[in-house]
Amino acid sequence: MFALLLEYFRRKNIAAELLSEKCTTKNPRGPRLDGWVKIQKEPEIKPTYYQVEVKLWSAHGVGSGAQILKPEDDIASYKRRLWSTYWNNGKFIEKSLNKVLTPMACPIPDAEIKPLACLWSPLHPHGAEESFFELELEPASPFPALSIFSASSFLRKIKDTEPTLFLNLPEVTERMKWLNNIFAVQ
């Protein structure tokens, strides 16, 4: 999912990188997120650091049951319906996702920090095609807005023009080597 997020930014001509530092509050206990992504829109503009939580739930993995795209559905209504299973009253319905709204200790002092939920599902509050969008948050929230990246919406947008997508996945390559060594046919 991070590779897809970085590819999204690359296509928008935004320099982006996944940082190696852990995304925590620096407390021994408490919420931890999946990572930091630094973006730089223009060299002279201060970078933004996204504290990112990734969720790869299947159709049966969240809410009160599957939200399958039915033949009679149009994608916009499906995205709205699915969004309503994720978000209600200014927060995520699934408590494990709300931790993205907890301020983390950025490795860069005085950095601009924004929360970002990186989700697999094709969703949007208004059914729009955009794969990256922001929601305004309540004034009591530690952040003014929350960013959402829908990996599925991103892939749906490019699938007809790009049948193959090449991503830099160094950890997957390394894991495949290990698996091939473990399960080598002799």
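Ala, Val, Leu, Ile, Met, Phe, Trp, Tyr, Cys and Pro count as nonpolar, Asp, Glu, Lys and Arg as charged, and the others, Gly among them, as polar. By these classes, the lining of the largest pocket has 12 nonpolar, one polar and four charged residues. This is a predicted model, in which local features need pLDDT of at least 70, side-chain atom pairs count only at pLDDT 80 or more, and totals for chains, interfaces and linings use all residues. Residues are numbered from 1 along each chain as its sequence is written, and side-chain values use heavy atoms, with hydrogens and water left out.

**The largest pocket**

- A pocket is an open set of points on a 1 Å grid over the protein atoms alone, where a 1.4 Å probe fits, with protein on both sides within 12 Å along at least five of seven lines; lining residues have an atom within 4 Å of a point.
- The largest pocket holds about 570 Å³ of space, a volume being the space filled by probe spheres set on the points.
- Its lining has 17 residues, and Phe 2, Ala 3, Asn 168, Leu 169 and Pro 170 lie nearest the centre.
- Helices α1 (2–11) and α5 (170–182) each supply at least two lining residues; helices (H or I, at least four residues) and strands (E, at least two) are DSSP runs, numbered from the N terminus.
- The largest share, six residues, comes from α1.

**Helix α4**

- Buried means under 20% relative accessible area, exposed over 50%, and partly exposed in between (1.4 Å probe, protein chains only).
- In helix α4 (residues 151–158), the buried residues are Ala 151, Ser 152, Ser 153, Phe 154 and Ile 158.
- These buried residues pack against α1, α2 (75–84), β8 (112–119) and β10 (145–150), where contact means heavy atoms within 4.5 Å.

**Salt bridges**

- A salt bridge is a side-chain nitrogen of Lys or Arg within 4 Å of a carboxyl oxygen of Asp or Glu.
- The structure holds nine of them.
- Glu 7 pairs with Arg 10, the closest N and O atoms being 2.6 Å apart.
- Glu 7 also pairs with Arg 11, with the closest N and O atoms 2.8 Å apart.
- Arg 10 lies three residues from Glu 7 in helix α1, and Arg 11 lies four residues from Glu 7 in that helix.
- An α-helix has 3.6 residues a turn, so residues three or four places apart point the same way.
- Glu 7 counts as buried because its relative accessibility is 9%, while Arg 11, at 29%, counts as partly exposed.
- A network of salt bridges links Glu 7, Arg 10, Arg 11 and Glu 162.
- Elsewhere, Glu 53 bridges to Lys 55, with the closest N and O atoms 3.0 Å apart, and both residues are buried.
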